[in-house]
Amino acid sequence: MSTQPTTGPRRLSLVTPSGRPTLGNLLGALRPLVAGQDAHDCFVGVSDLHALTDGHDPRLLRERTRDLAALLLAAGLGRSTLFVQSRVPAHRQLAFLLECVASSGELGRMIQFKQRRRTDGSSRAALLTYPVLMAADILLYRPTQVPVGDDQRQHVELARDLAVRFNRTYGEVFTVPEIVVAPAGARVMDLQRPTEKMSKSSTDLSGVVGLLDPPDVVRRKIARAVTDSDTGPGAVRADRAAKPGVTNLLDVLVACGGSAEGISTYGALKRAVADAVVGVLEPVQRRHADLLAHPERLRAAYDAGEARCREVTAPVLAAAEAAMGL
Ligand code: AMP
C-alpha cells in the first residue's frame, strides 16, 4: 500500500499516543514530516511504549494508538515507513542492552525525569529508564542525523553518549547520529491563553483545536478565541508581544493557506481562520474516518511498515548482542 522511498538520509520520528492530537501537532510536527518524505527515507512510529511511563489506562492506550496510527496515514504520511513501536520487538530488546551501558547517575540527571518524577518515590522505574528506550529507538535505525526540538535535545545527546560508549567498550556497532535542529514548524498557541503553546495535554480544551474536532466545534472555539480590546484601524496586525492572540490567529490563517489581506475586524479574521482551519482538517478527518471504517487498509500499511522495521533493526540488534557476548 505505501511506496516507501528507500533512498536519501534516514530520518526517524516518534509520536506518543498521549492525549488528543491538536492542530499544533499537525502544523508543527506532521506537516514538516510529510514535506520531508520526498528527500528522506522516513520512519514514523507511534511510540506506545513511551505512553507507559506514567499511570495509564490500557483500553484508552489501545484506542489512542489506533487513532494516532490512522491519523498519521490520514495526514499524508503514506510514503513513510509507518510502525507501532511495540510491534517491533527489537526496540525493547536493545533497550535492556543499553541499560547495561548507561549509568543510573546520568539517567537521574535527565531534565524530564526531574520534572515529572514524584517526590515520594512512587514514580514508575520506566520514567527513569525510558530515555534509554529512546536511545534504542534511534540507534537501531543507524540514522546519520536526528532532527530534534529543544525539549528532546538532551535525550538525543544521551543516545550519542551511549553509542560512543558502547562502540568503545564492545566494538563498533552503532552510528553516532548528528543532532540537527529541526526546521521550525508553525508554533500554534492556545486560543484562550495565547502566550502558551496549544497542547494535547491541556486540561481545559476551550482553546485547543483537536484534529478530530467536528467543524462546528472548531468554529465555536475560534469564534471565542482571545484577541484584545484594540478595535481601531490597523488592529488586525501581527505583534507577538502586544497582541499575542491576534498574532496567533494570523499565523494559523497563513499556515492553513489563508490570507489576511483586506481583513480589518476581528470578527472577519476569526471567520477566515475558521474557514481555513476547517478546510485543512476536513480531508484529514475524512481519510481518518475512512481508515477506521476499513481497518484492513490501516493494517496493511502498518504491517508493511513493521515488516520493514524488523528487517532493518534485526541485524543491528544481532550485532549488539554478539558484541556483548550473547
Ligand atoms: P507533543 O504533543 O508535545 O507530544 O509534541 C509532538 C510534536 O508536535 C512535537 O514535534 C511538537 O514540537 C509538536 N507540537 C506540539 N504542540 C505544538 C504546537 N502547539 N505548535 C507547534 N508544534 C507543536
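Predicted model: local features only at pLDDT ≥ 70, side-chain atom pairs only at ≥ 80, totals over all residues.
Ten residue names make up the ligand's surroundings: Gly24, Asn25, Gly28, Ala29, Ala186, Arg187, Val188, Lys197, Met198 and Lys200. Elsewhere in the text the topic is charge pairing, and a search of the whole structure turns up 22 salt bridges.

**Around the ligand**

- Sorted by class, the shell around the ligand comes out as 4 nonpolar, 3 polar and 3 charged residues.
- Glycine 24 reaches the ligand through its backbone: an N or O atom there sits 3.2 Å from a ligand nitrogen.
- Asparagine 25 uses its side chain instead, with a polar atom 2.9 Å from an oxygen atom of the ligand.
- Methionine 198 goes through the backbone, where a polar atom is 2.8 Å from a nitrogen atom of the ligand.
- As for cover, the ligand has 480 Å² of accessible area on its own, and the protein covers 67% of that.

- Aspartate 275 and arginine 219 form a salt bridge, and their closest N and O atoms are 2.8 Å apart.
- Aspartate 275 belongs to helix H10 (residues 266–293) and arginine 219 to helix H8 (residues 215–223), so this pair ties together parts that are 56 residues apart in sequence.
- Aspartate 275 is partly exposed, at 46% relative accessible area.
- Arginine 219 is also partly exposed, at 35%.

- Glutamate 282 and arginine 286 meet through their side chains in a salt bridge (3.2 Å, N to O).
- Both residues lie in helix H10, 4 residues apart, which is about one turn of the helix.
- Glutamate 282 is partly exposed, with 39% relative accessibility.

**Another pair, and a network**

- Arginine 59 and aspartate 57 also meet in a side-chain salt bridge, at 4.0 Å from N to O.
- Arginine 59 has a relative accessible area of 52%, so it counts as exposed, the cut-off being over 50%.
- Aspartate 57 comes in at 34% relative accessibility and is therefore partly exposed.
- Asp190, Arg193, Glu196 and Asp204 are linked in a network of salt bridges.
- As a general point, side chains of opposite charge can pair when their charged atoms come close.

Technical notes:
Residues numbered from 1 in each chain as written. Heavy atoms only, no water. Near = heavy atom within 4 Å. Polar contact = N/O pair within 3.5 Å; in protein donor to acceptor, adjacent residues only side chain to side chain. Areas by Shrake-Rupley, 256 points an atom, 1.4 Å probe, with all protein chains shown as cover. Nonpolar A, V, L, I, M, F, W, Y, C, P; charged D, E, K, R; others polar. Buried < 20%, exposed > 50% of the residue type's maximum accessible area, 1.4 Å probe, protein only. Helix = DSSP H or I, 4+ residues; strand = E, 2+ residues; numbered from the N terminus.
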